[in-house]
Amino acid sequence: MYQQMIFVNLAVNDVDASRKFFTELGYSINPQFSSDDNTCVVISDTIIVMLLNKKRYSDFTKKEIADSAGTSEVLLCLSAESREKVDELVNKAVAAGGTANDDINDQGFMYGRSFEDLDSHSWEIVWMDPAAVQS
């Protein structure tokens, strides 16, 4: 059965630093689609994040590239298998140089935290009780 994929493209200031950041979070890099201008981060079999330096990113758009430090261009949300995995990933992001958002969203059946990566892109990590999803 065909599984649709998503390729998230983000402009970054330093491809090497971003590559290091995401590998420290536990993600792998696909060297086949990486170069000095970009890196291909494999989040899962169906989620790929392309981190491109701004010159390479501008090859794909005529629009001005958002300054993610002062402008929200997208909120990226990843699921986690447990509350502990939410905390683990956010803590890894902080240890790798990211910035945690101190707001914790704990609704009992759903738990989430967020962080900003080295380029201030917002990442939300969320766990939801499978029983709550099925009901």
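Tutor: Start with exposure: a residue is called buried under 20% relative accessible area, exposed over 50%, and partly exposed in between. Met128 has 33% relative accessibility, so Met128 counts as partly exposed. Keep in mind throughout that this is a predicted model.

Student: Where does Met128 sit, then?

Tutor: Met128 belongs to strand 8, which covers residues 122–128. Together with Phe109 and Val133, Met128 makes a nonpolar surface patch of about 250 Å².

Student: Let's turn to aromatics. How many aromatic pairs are there?

Tutor: The idea is to look at ring centres, which must lie within 6.5 Å, and then at the planes: under 30 degrees apart is stacked. Here the count is four aromatic pairs. Take Phe115 and Trp123: their ring centres are 6.5 Å apart and their planes are at 10 degrees, so this pair is stacked. Both Phe115 and Trp123 are buried.

Student: Which residues do the ring pairs link into a cluster?

Tutor: Phe21, Phe22, Phe115 and Trp123 are linked by ring pairs into a cluster.

Student: Next, cysteines. How many disulfides does a search of the whole structure find?

Tutor: The test is on the sulfur atoms: two cysteine sulfurs need to be within 2.5 Å. Searching the whole structure gives zero disulfides. Cys40 is buried, with a relative accessible area of 3%, whereas Cys77 is partly exposed at 47%.

Student: On to charges. What's the general idea behind a salt bridge?

Tutor: Side chains of opposite charge can pair when their charged atoms come close. The cut-off used here is a Lys or Arg side-chain nitrogen within 4 Å of an Asp or Glu carboxyl oxygen. This structure holds seven salt bridges.

Student: Which residue does Arg113 meet in a salt bridge?

Tutor: Arg113 pairs with Asp87, at 3.0 Å from N to O. That pair links distant parts of the chain: Arg113 is in strand 7 and Asp87 is in helix 3 (residues 83–95), 26 residues apart.

Student: How far apart are the closest N and O atoms of Lys92 and Glu88?

Tutor: Those atoms are 3.6 Å apart, and Lys92 and Glu88 form a salt bridge. Lys92 and Glu88 are four residues apart in helix 3, so about one helical turn separates them. Lys92 is partly exposed at 31% relative accessible area, and Glu88 is partly exposed at 34%. There is a network to spot too: salt bridges with shared partners join Lys85, Glu88 and Lys92.

Student: Last topic, loops. Where does Ser120 lie?

Tutor: Ser120 is in the loop between strand 7 (110–116) and strand 8. Check the backbone while you're there: Ser120 has a positive phi of about 70 degrees, although Ser120 is not a glycine.

Student: Does Ser120 count as buried or exposed?

Tutor: Buried, because its relative accessibility is 18%, and the cut-off for buried is under 20%.

Student: Which residues is Ser120 in contact with, leaving aside neighbours within four places in sequence?

Tutor: Ser68 and Ala69. Now look from the other side. Ala69 is in the loop between helix 2 (54–57) and strand 5 (75–79). Not counting residues up to four places away in sequence, Ala69 touches Asp119 and Ser120. Ala69 and Asp119 are 50 residues apart in sequence, yet their C-alpha atoms are 6.8 Å apart in space.

Student: And how exposed is Ala69 itself, in relative accessible area?

Tutor: Ala69 has a relative accessible area of 62%, so Ala69 counts as exposed.

Technical notes. Residues numbered from 1 in each chain as written. Predicted model: local features only at pLDDT ≥ 70, side-chain atom pairs only at ≥ 80, totals over all residues. Heavy atoms only, no water. Phe/Tyr/Trp six-rings, centres within 6.5 Å; stacked < 30°, edge-to-face > 60°. Buried < 20%, exposed > 50% of the residue type's maximum accessible area, 1.4 Å probe, protein only. Patch = residues over 30% accessible without salt bridge, like charges linked within 9 Å, V, L, I, M, F, W, Y side chains within 5 Å. Areas by Shrake-Rupley, 256 points an atom, 1.4 Å probe, with all protein chains shown as cover. Helix = DSSP H or I, 4+ residues; strand = E, 2+ residues; numbered from the N terminus. Contact = heavy atoms within 4.5 Å.
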